[in-house]
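Here are my notes from a first look at this one. Have the structure open while you read.

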Amino acid sequence: MTELTPRVDMEKIVSLCQRRGFIFASSEIYGGLSSCWDYGPLGVEMKRNIKHAWWRAVVQERDDMVGLDASILMHPQTWEASGHIEGFTDPLVECKNCHLRWRSDDFTDNKCSSCGGELTEPRQFNLMFKTFMGPVEDTASIVYLRPETAQGIFVNFQNVLNTTRKRLPFGIAQIGKAFRNEITTGNFIFRTREFEQMEIEFFVKPQTDKEWFDSWIEERLNWYVNLGITRENLRLRQHGPEELAHYARDCYDINYLFPMGWAELEGIANRGDFDLIQHASSSGKSLAYFDEETKQQIVPYIIEPSAGVDRSFLAFLCDAYDEEPDQEETRVLLHLHPDLAPIKVAVLPLSRREQLVTVAKQIYADLRRCWMVNYDDAQSIGRRYRRQDEIGTPFCVTVDFQSLEDNQATIRHRDTMNQIRVPISELKTTLAAKLSGERFDTQPLWTAKG
Ligand code: GAP
């Protein structure tokens with residue numbers, strides 16, 4: 001197999017994100033806060049689109065899934081039962097001179113990277129953020145910021161079962177923030193201390209776990225490909241026995257070829273009955289399921305596809321990024337799938353003449369009831385197209401002097417730069433069809449990349 005190289009440098013992605021308002025450093029006016037990022041006006045739209053596409057695929061379009069939004073703060077016993085207090089740790093060494101802490105596996109020479117001082121023996125360091133609930137800061141009031149959203153699903157298993165009358169197999173999906181006091185952060189939004197997860201806990205009869213495990217791996221890979229990620233930039237990697245998490249019987253990572261190399265985008269684990277047994281025994285509440293077929297109480301197995309919103313964001317951006325020669329300049333464009341593009345349509349009057357502006361503003365007002373739409377009348381039409389290409393806007397609608405006579409406008413397609421002329425009264429239906437994949441001219445649109 002020939003070795004692939006990443007399609008874009010991280011600097012280009014970071015620069016585009018800052019230049020165009022996808023992502024800013026957190027608290028930038030104070031010098032930023034390490035590994036924390038804010039999603040700007042375009043970033044927040046794209047992030048919402050990713051979450052919406054995930055929710056639609058795993059909840060809305062399936063009979064066997066429901067959603068949940070559990071609180072970030074949970075009863076502290078949750079983390080005893082889940083094994084996080086005991087096992088969610090990284091080995092750390094501390095410099096005896098400057099007291100900085102480092103991951104112990106980053107060192108071979110026992111010398112601090114900052115000051116050259118001697119390092120202590122490794123000690124286990126828990127990655128959960130601790131805080132206090134209520135006004136008294138004592139051990140009785142310690143709570144944790146959840147390091148994964150999964151536990152909120154496990155502790156609600158019976159609630160969902162009782163209120164939805166779902167039968168096995170079925171799953172619960174959740175999107176939300178998670179927090180880990182990671183020792184090593186970096187690579188932009190790839191590894192941060194505050195991030196967002198999209199997690200599914202899929203409950204199955206124990207003897208069916210392997211087939212469901214395989215089918216979820218396939219399902220999740222296809223999700224990325226259908227939203228435009230090049231298949232060869234995705235790889236599956238099975239965890240070796242020594243790296244499996246304490247709860248997992250088997251686990252595959254979906255890895256993506258990020259600018260810094262292959263790295264985890266999503267993990268899919270077979271958690272067996274570990275979590276329900278742990279929470280049942282810790283809470284004293286039954287989390288068993290009555291199997292109508294065998295008339296027996298069983299503890300379901302759990303298949304867990306767990307994706308990162310921020311890592312998906314980075315992967316979709318990297319895979320969409322392109323540069324093309326454009327006369328003396330370079331055309332930067334994002335081939336984002338229209339479902340993910342932050343802005344779906346831009347309305348561009350050819351000039352600022354009043355008659356044109358009136359028509360263009362009317363179109364703008366009409367279209368923005370359906371989608372996020374930009375209106376741009378500054379600088380030449382060529383520059384305005386480039387600005388939209390760079391943020392991945394699939395279509396631009398241009399209003400020109402001819403429009404005043406024939407009541408038609410031009411739609412220009414980002415990727416092919418092809419143009420079609422459409423009656424203004426049909427703009428909305430035409431754009432709706434094109435945004436959901438209808439052919440533009442003779443070119444098929446939005447086919448999954450091979
Ligand atoms: N409930 C299982 C679980 O949390 P994980 O592999 O630790 O499994 C799942 O995390 C996903 O969450 C990862 O594949 C990644 O996309 C995202 N993730 C984990 N830690 C992260 C971090 N520090 N920064 C950004 N995303 C992270």
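1. Ground rules first. This is a predicted model, where local features need pLDDT of at least 70 and side-chain atom pairs count only at pLDDT 80 or more, while totals for chains, interfaces and linings use all residues. Residues are numbered from 1 along each chain as its sequence is written, and side-chain values use heavy atoms, with hydrogens and water left out.

2. Start with the ligand. Its shell holds 21 residues, and Glu148, Glu182, Thr192, Glu199 and Glu264 are the closest; a residue belongs here if one of its heavy atoms lies within 4 Å of the molecule. By class, the shell has 6 nonpolar, 5 polar and 10 charged residues.

3. E13 has the largest share, with 5 residues. Helices (H or I, at least four residues) and strands (E, at least two) are DSSP runs, numbered from the N terminus.

4. Now the polar contacts (pairs of N or O atoms within 3.5 Å). A ligand nitrogen sits 2.5 Å from a side-chain N or O atom of Glu199, and a ligand nitrogen is 3.4 Å from a polar backbone atom of Phe190. On the oxygen side, a ligand oxygen lies 3.0 Å from a backbone N or O atom of Gly308. Taken alone, the ligand exposes 560 Å², and the protein buries 91% of that (Shrake-Rupley areas, 1.4 Å probe).

5. The space the ligand takes is the largest pocket, with a volume of about 1,200 Å³. A pocket is an open set of points on a 1 Å grid over the protein atoms alone, with protein on both sides within 12 Å along at least five of seven lines; lining residues have an atom within 4 Å of a point. Of the 42 residues in the lining, Phe88, Arg180, Glu182, Arg191 and Glu264 lie nearest the centre. E13 also contributes the most here, with 6 residues. The lining divides into 14 nonpolar, 11 polar and 17 charged residues.

6. Two backbone details to look at. Leu168 and Pro169 are joined by a cis peptide bond, with omega about -5 degrees, and Pro169 lies in the loop between helix H6 (157–164) and strand E9 (170–179). Ser27 is not a glycine, yet has a positive phi of about 45 degrees; look for Ser27 in the loop between strand E1 (23–25) and strand E2 (37–39).

Methods: Polar contact = N/O pair within 3.5 Å; in protein donor to acceptor, adjacent residues only side chain to side chain. 1 Å grid on protein atoms, 1.4 Å probe; cavity = no way out; pocket = protein on both sides within 12 Å on 5 of 7 lines; lining within 4 Å. Sits in = over half its atoms within 2 Å of the grid points. Nonpolar A, V, L, I, M, F, W, Y, C, P; charged D, E, K, R; others polar. Points joined across faces, edges and corners; volume = space filled by probe spheres on them.
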